[in-house]
Amino acid sequence: QVQLVESGGGLVQPGGSLRLSCAASGSFFRINDMTWYRQAPGKERVLVAQITSGGRTTYADSVKGRFAISRDNAKNTVSLEMNMVKPDDTAVYYCTAEAQAIGRLTVARYWGQGAQVTVSS
């Protein structure tokens, strides 16, 4: 199995910055993409940013130019640098990873427990 643990959430003022981190652990052969999702109160969960094992990135239009995703394949970690945050960025942020766990023939998506980010003055 794969365990994901997020850190770095909290309260930040509009226009400020915050960095989320996520570490993967467990028994797995490989991790493919690592992706951040978020879910705001009363809204559906949506993709925020994704990075492949090769470093290719994808962003939601709402965060392009403000957020940056990065990963360290050697440490099995992924980070989300959030800049120029807005109240609309308030949500629970989930780290996910598509991985093939040892003992399984197929890949699966694993989820962290979520980190609350609140943007407010």
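Visitor: Leaving aside neighbours within four places in sequence, which residues is Thr90 in contact with?

Guide: A contact list shows what a residue packs against once its sequence neighbours are set aside. In this predicted model, Thr90 touches Ala40 and Pro41, and also Gln116, Val117, Thr118 and Val119.

Visitor: Where is Thr90 found?

Guide: Thr90 sits in the loop that runs between β8 (77–82) and β9 (91–101).

Visitor: Does Thr90 count as buried or exposed, and why?

Guide: Compare the relative accessibility with the cut-off for burial, which is under 20%. Thr90 has 18%, so this loop residue counts as buried.

Visitor: What does the side chain of Thr90 reach?

Guide: Look for polar atoms in pairs. The side chain of Thr90 comes to 2.9 Å from the backbone nitrogen of Val119. A polar atom of that side chain also lies 2.9 Å from the backbone oxygen of Pro87. Val119 is also in the contact list of Thr90.

Visitor: Now a strand residue. In which strand is the place of Gln50?

Guide: Gln50 belongs to β5, which covers residues 46–51.

Visitor: With which side chain does Gln50 make a polar contact?

Guide: The partner is Asp33, side chain to side chain, at 3.4 Å. Asp33 is one of the residues Gln50 touches beyond four places in sequence; the others are Met34, Thr35, Arg56, Thr57, Thr58, Ile69 and Arg109.

Visitor: Moving to the whole chain, how many helices and strands does the protein have?

Guide: Count the elements, then read their order. There are 11 strands and zero helices, so the pattern along the sequence is β-β-β-β-β-β-β-β-β-β-β.

Visitor: What share of the contacts with a separation of 6 or more is between residues 24 or more positions apart?

Guide: That share is 55%.

Visitor: What radius of gyration does the protein have, and what would a compact globule have?

Guide: Set the value against the expectation for the chain length. A compact globule of 121 residues would have a radius near 14 Å, and the protein, at 14 Å, agrees with that. Along the principal axes, the C-alpha atoms fill a box of roughly 50 × 25 × 20 Å.

Visitor: What percentage of the residues is buried?

Guide: Of the 121 residues, 43% are buried.

Visitor: How many Å apart are the mean positions of the positive and negative charges?

Guide: The 13 positive and 9 negative charges have mean positions 3 Å apart.

Definitions and conventions. Residues are numbered from 1 along each chain as its sequence is written. This is a predicted model: local features need pLDDT of at least 70, side-chain atom pairs count only at pLDDT 80 or more; totals for chains, interfaces and linings use all residues. Side-chain values use heavy atoms; hydrogens and water are left out. Helices (H or I, at least four residues) and strands (E, at least two) are DSSP runs, numbered from the N terminus. The radius of gyration is taken over C-alpha atoms; the globule rule is 2.2 Å times the number of residues to the power 0.38. Buried means under 20% relative accessible area, exposed over 50%, partly exposed in between (1.4 Å probe, protein chains only). Contact means heavy atoms within 4.5 Å. Lys and Arg count as positive and Asp and Glu as negative; His and the chain ends are not counted. The place of a charge is taken as NZ of Lys, CZ of Arg, CG of Asp or CD of Glu. A polar contact is a pair of N or O atoms within 3.5 Å; within protein, one must be able to donate a hydrogen and the other to accept it, and residues adjacent in sequence count only if both atoms are side-chain atoms.
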